[in-house]
Amino acid sequence: MRESLIMKIHYGTALASVALVAVHILFRLTQGFAESLQYESVIANYKFLPYAGMLEIILILLSIHGFNGLRVILLELKQGTGYEKSVTYGCIAAMALTILYGSRTIFMTSFGMV
Amino acid sequence: MIDERLQIPKTESKDIISPTKTITLRISRSNPKKNTEQKFDEFKIPYQKWTTVLDAILEVKKHLDHSVGVRYSCRQATCGSCGMKINGRPSLACFTKISELKSDVVTVEPMNNFPIIKDLAVGFERMFSTHKRLKPYIINEESEIKPGKKEFLQTPEDVEKYIQFASCIKCGLCNSACPTMATDSSFIGPQALAQAYRYVADSRDKGKDERLKIIDDSHGIFRCHFAGSCSQVCPKGVDPAMGIQLLRGYLLGFRD
């Protein structure tokens with residue numbers, strides 16, 4: 001994949017994340033902050049499917065953005081073909097694992113498995 | 001009788017010349033071939049208002065220590081040979097007057113992000129090879145002189161797009177100031193990127209896609225963090241940081 005396309009995705013995920021995290025914070029403000037973190041409140045949020053969907057999207061956006069950012073930082077720290085390949089594939093694997101584990105939590109909670 | 005007001009006062013020759021001051025010139029000394037560690041040698045050098053740092057270094061070479069390693073040529077900020085760190089800032093030694101530094105101690109060191117050959121002289125091989133890789137010439141199949149087509153006309157607006165970038169003298173000060181070059185040894189660098197923009201923005205050139213392909217790499221244009229140091233140190237008023245941002249516009253689809 002060309003670097004310009006990767007960076008377009010990087011900038012796009014950043015902008016979308018800012019917008020969606022802002023919505024997420026606004027939702028927290030509808031009730032008291034401490035109250036919003038109570039167990040029942042958190043479970044209720046996950047069971048509200050549009051909101052759970054938004055959390056899933058935030059998870060994907062932040063994982064892509066964050067792990068690509070980590071890849072860029074690591075590529076600037078050290079150079080070498082083997083190192084660069086391992087950084088790239090390592091970051092893709094870590095991103096996939098984060099998305100899978102986060103999605104598992106969201107799906108299990110949304111469908112009442114917790 | 002002679003009117004006193006018309007008489008020119010007698011002066012000693014020393015009154016005409018501005019008073020000489022002295023600075024301490026600290027020169028970084030190192031020789032990687034002999035594995036010598038970097039150290040600083042200090043010299044007391046007299047200077048005038050117009051004395052440049054290069055003049056002071058050459059004074060040291062001439063009278064105090066012939067072994068100081070320094071590269072220079074034109075002495076008028078045209079050849080780009082005498083780039084070095086002067087009091088921590090990448091500058092051309094021939095273009096920096098000691099009187100303008102406003103310091104009693106002037107420290108000169110080799111430029112950062114370049115391999116040291118000896119003392120103040122650094123190797124430009126990588127910068128020149130990267131510059132060459134970006135095809136720094138007009139690519140146009142019709143550029144050969146053909147009957148009836150001897151020149152490509154440009155409007156002043158066409159020229160305005162790239163002309164400041166054509167002033168680059170390849171002195172390497174921008175690469176020396178670049179924080180990304182300090183950590184990423186494969187980074188193309190502001191000098192070559194600004195030159196890529198110079199040709200991409202030229203209406204006579206048809207090699208835009210070739211050049212954009214080269215810079216669209218994991219160590220290419222997107223590793224620039226827009227610190228802007230390159231533009232601050234350029235002795236010719238080129239703004240590589242702006243060139244890089246304009247070049248990014250082509251890759252991100254904001255420019256054609």
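In which sense, left-handed or right-handed, does helix 8 of chain B cross helix 9 of chain B? The crossing of helix 8 of chain B past helix 9 of chain B is left-handed. The model is a predicted one.

## Domains of chain B

The domain assignment divides chain B into domain 1, residues 18-122, and domain 2, residues 125-252. Taken over C-alpha atoms, the centres of domain 1 and domain 2 of chain B are 29 Å apart. In the contact between these domains, domain 1 of chain B takes part with 14 residues and domain 2 of chain B with 13 residues. On the side of domain 1 of chain B that touches domain 2 of chain B, strand 4 of chain B gives the most, with four residues. That side of domain 1 of chain B is made up of seven nonpolar residues, six polar residues and one charged residue.

## The sheet

Chain B has an open sheet of five strands, in the order 2-1-5-3-4, with mixed pairing. Strand 2 (36-47) and strand 4 (89-92) of chain B each have a single partner strand and stand at the edges, so each has one side without a neighbour in the sheet. From one strand to the next, the twist averages 30 degrees.

Helix 2 of chain B, residues 53-64, packs on this sheet and touches strand 1, strand 2, strand 3 (83-86) and strand 5 (105-109) of chain B. The direction of helix 2 of chain B makes about 100 degrees with that of strand 2 of chain B.

The pairings can be taken one at a time. Strand 1 of chain B, residues 21-31, runs antiparallel to strand 2 of chain B, and 10 bridges join the two. Thr22(B) is opposite Pro46(B) of strand 2 of chain B, and Thr24(B) is opposite Lys44(B) of strand 2 of chain B. Strand 1 and strand 2 of chain B form a hairpin with four residues between the strands. In this hairpin, Asn35(B) has a positive phi near 55 degrees.

Strand 1 of chain B also pairs with strand 5 of chain B, here in the parallel sense and over four bridges. In this part of the sheet, Arg26(B) is opposite Thr107(B) of strand 5 of chain B. Strand 5 of chain B pairs with strand 3 of chain B as well, in the antiparallel sense and over two bridges. Ile86(B) has Val108(B) of strand 5 of chain B opposite.

## Helix packing

Two helix pairs share helix 8 of chain B. Helix 8 covers residues 190-200 and helix 9 covers residues 208-215 of chain B. The table gives the angle and the axis distance for each pair.

| Helix pair (chain B) | Angle | Axis distance |
|---|---|---|
| Helix 8 and helix 9 | about 160 degrees | 10 Å apart |
| Helix 8 and helix 11 | roughly 55 degrees | within 8 Å |

Why does helix 8 of chain B count as roughly antiparallel to helix 9 of chain B? Angles over 145 degrees count as roughly antiparallel, and the angle of this pair is about 160 degrees; helix 8 and helix 9 of chain B are therefore roughly antiparallel to each other. Helix 8 of chain B contributes Leu193(B), Ala196(B), Tyr199(B) and Val200(B) to the contact, and helix 9 of chain B contributes Lys208(B), Arg211(B) and Ile215(B). Five of the residues in this contact of helix 8 with helix 9 of chain B are nonpolar, none is polar and two are charged.

With its angle of roughly 55 degrees, helix 8 of chain B is oblique to helix 11 of chain B. The crossing of helix 8 of chain B past helix 11 of chain B is left-handed. Residues of helix 8 of chain B that meet helix 11 of chain B include Pro190(B), Leu193(B) and Tyr197(B). Among their partners in helix 11 of chain B are Ile244(B), Leu247(B) and Tyr250(B). By class, this contact of helix 8 with helix 11 of chain B has 11 nonpolar, two polar and no charged residues.

## Contact with chain A

Chain B also touches chain A: 13 residues of chain B are in contact with 10 residues of chain A. On the chain B side, helix 7 (179-183) and helix 11 (240-252) are the elements that give two or more residues. The side of chain B that touches chain A holds three nonpolar, six polar and four charged residues.

Terms used:
Residues are numbered from 1 along each chain as its sequence is written. Chains are lettered from A and ligands numbered from 1 in the order in which they are written. This is a predicted model: local features need pLDDT of at least 70, side-chain atom pairs count only at pLDDT 80 or more; totals for chains, interfaces and linings use all residues. Two strands pair if DSSP finds at least two bridges between them. Axes are lines fitted to C-alpha atoms, for helices over the stretch in contact, and angles run from 0 to 180 degrees between N-to-C directions. Two residues are in contact if their C-beta atoms, placed from the backbone, lie within 7 Å. Ala, Val, Leu, Ile, Met, Phe, Trp, Tyr, Cys and Pro count as nonpolar, Asp, Glu, Lys and Arg as charged, and the others, Gly among them, as polar. Domain bounds come from an automatic or database domain assignment. Angles under 35 degrees count as roughly parallel, over 145 as roughly antiparallel, 65 to 115 as roughly perpendicular and the rest as oblique. A crossing is left-handed if the near helix is turned anticlockwise from the far one by less than a right angle, and right-handed if clockwise.
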